[in-house]
Amino acid sequence: MTGSLVAGVDIGGTKAAALVVDEAGETRGRAVEPMAGRSATGIEPIVAAVRAALEAAGAGDGDLGAIGVGVPGRIDSVAGTVSLATNLGWHELPLARLIRNEFGVPCGVANDVGLAASGLIGHEIVRGARSLAYVAVGTGIGAGLVLDGRLHQGDRGLAGEIGHAIADPDGAVCRCGQRGCVETVASGPFIARRAAAALAAALATGTPPDAHPLLTSGPPITAKTVYEAAAAGDTIALAIAHEAGRTLAHAIEALMLTCDLELVLLGGGVAGAGPPFLEPITAELDRARSASALVALMIPPGSVRVLPEQFDAVARGGVALARRLIRTDPPNPLHGDTEEEVVARASWT
Ligand SMILES: [Zn+2]
C-alpha cells in the first residue's frame with residue numbers, strides 16, 4: 001500500500017544506518033552506507049541508505065510515508081535544521097527540507113540520543129518505564145532523557161551532556177576544552193589512547209610483549225580490541241576497562257540520583273562490547289548499593305542495562321518520529337499552517 005512504510009535513520013560520524021518498518025511495527029529492511037565521500041550537504045549517504053533499506057523491504061519510494069532522522073548535534077527540530085553537528089561539519093543545514101525534497105514525504109530531524117530515548121518509551125524492552133535515559137557510549141558520550149514520558153531537551157536543547165561532566169579535574173584535555181571529562185576516560189577514542197599509552201609504558205619497563213593479548217589484536221588499538229583483550233585477561237586492558245566502567249557508573253549514578261530514573265539503557269559502539277563493557281559498571285554500582293541504602297533504593301539491580309547490539313535505538317526513535325508525522329493532520333492553509341509547522345507540532349508530543 002502506498003505510503004505504508006516509515007524509515008528511521010541513524011546518522012553517525014562514519015555511517016548512516018536506515019531502518020524501514022511497516023504499519024505492524026515489523027522491520028522490513030535495513031541498510032548502512034558510509035558517510036565518507038559525501039558532499040557538503042551530506043545527504044547522499046542518507047538517501048542511499050533509505051533507498052537500500054526500501055529495496056531490502058521489496059519496496060520503493062512510493063511505499064514510504066515519512067522519515068525520522070537522528071543526528072549527533074544540536075538540532076532545531078521545529079525548523080528541521082541541524083544547527084551544529086561538529087563531527088559531521090554541518091552548520092545550519094536544513095536537513096529535513098533536503099530529505100523531504102528528495103522523497104516527497106514529511107521528514108523530522110532530532111538529536112540522536114534524544115530521539116533514541118523518546119523512541120524507547122512504549123517499547124516492550126522498557127517494560128512500561130516512563131522516566132529513562134538512553135546513554136550512548138561511542139566516539140562521544142551523551143544521554144537522551146525522558147522524564148515522566150516526555151523528552152527533556154533542556155533550556156538550550158542540550159540536556160544530557162554527561163560526557164562532559166568532570167571525572168578527574170587533573171585528567172586529559174577533552175575536545176570540549178575542559179580537563180578530565182567522563183569522555184576522556186570512557187569514550188572509544190580515549191579508551192584506545194589510554195590503552196596504547198599504558199601498553200607502551202609497560203613494554204618500556206621490560207614487560208614481555210606476549211604477556212599482552214592487546215598487542216596481538218592490534219594495531220591499531222581500538223576500544224573494541226581493548227575490550228576483547230580484557231575478555232582474554234590482558235591486565236592492561238582490564239585496568240583500562242575497569243576505570244572506564246567505574247567512571248561511567250559514577251556518571252550514571254549522578255544522572256539517576258538527580259532525575260530519579262527507572263531505567264538507564266546503554267547503547268553506542270563502545271557499549272556493543274557487551275559483558276566486558278557492562279561488568280565493571282555493574283561491579284561499581286553493586287559496591288555503591290552495598291554502601292548506601294539510598295543508592296540501593298534509587299538504582300536497583302537491573303535498572304542499568306546494555307541494549308542488544310542490533311537494537312538500533314536511534315533509528316527506532318526515527319521510526320517513532322516518522323509515525324508521529326504521519327498521524328499529524330495535513331497542513332491547513334486556513335490556519336496559516338506551513339508544512340514546517342505541522343512537522344514541529346508532531347515533534348515530541
Ligand atoms: Zn569535555
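Predicted model: local features only at pLDDT ≥ 70, side-chain atom pairs only at ≥ 80, totals over all residues.

Colleague: Let us begin with the open sheet. In what order do the strands stand?

Modeller: The order is β3-β2-β1-β4-β8, with mixed pairing among these 5 strands. Strands (E, at least two residues) and helices (H or I, at least four) are DSSP runs, numbered from the N terminus. Two strands pair if DSSP finds at least two bridges between them.

Colleague: Which strands are at the edges?

Modeller: β3 (27-34) and β8 (107-111) are at the edges. Each has a single partner strand, so one side of each lacks a neighbour in the sheet.

Colleague: How do β2 and β3 run, and how many bridges join them?

Modeller: Strand β2 (residues 15-21) and β3 run antiparallel and are joined by 7 bridges. Within this pair, L19 stands opposite R30 in β3. In general, strands of a sheet pair through backbone hydrogen bonds, either parallel or antiparallel.

Colleague: Now β6, please. What does it pair with?

Modeller: Strand β5 (residues 74-76) is antiparallel to β6, with 3 bridges between them, and R74 has L84 as its bridge partner in β6. β6 also pairs with strand β7 (residues 90-93), again antiparallel over 3 bridges, and V82 faces L93 in β7.

Colleague: What about the turns?

Modeller: The hairpin of β5 and β6 has 4 residues between the strands, and G80 takes a positive phi near 75° there. In the hairpin of β6 and β7, with 4 residues between the strands, G89 has a positive phi near 70°.

Colleague: Why is β6 described as largely enclosed?

Modeller: The reason is that 4 of the 5 residues of β6 (residues 81-85) are buried, so the rest of the structure largely encloses this strand. Buried means under 20% relative accessible area, exposed over 50%, and partly exposed in between (1.4 Å probe, protein chains only).

Colleague: A change of topic: what is the phi of R127, and where does R127 lie?

Modeller: R127 has a positive phi near 50° although R127 is not a glycine, and R127 lies in the loop between α3 (112-120) and β9 (132-137). Most residues other than glycine have a negative phi. D260 likewise has a positive phi near 50°, in the loop between α8 and β12 (263-267).

Colleague: Are those two buried or exposed?

Modeller: R127 is exposed at 67% relative accessibility, and D260 is exposed with a relative accessible area of 51%.

Colleague: And the cysteines? How many disulfides are there?

Modeller: The count is 0 disulfides, where a disulfide is a pair of cysteine sulfur atoms within 2.5 Å. C174 is buried at 5% relative accessibility, and C181 is buried at 0%.

Colleague: Last topic: which helix gives the largest share of the lining of the second largest pocket?

Modeller: That helix is α8, with 8 residues.

Terms used
Residues numbered from 1 in each chain as written. Heavy atoms only, no water.
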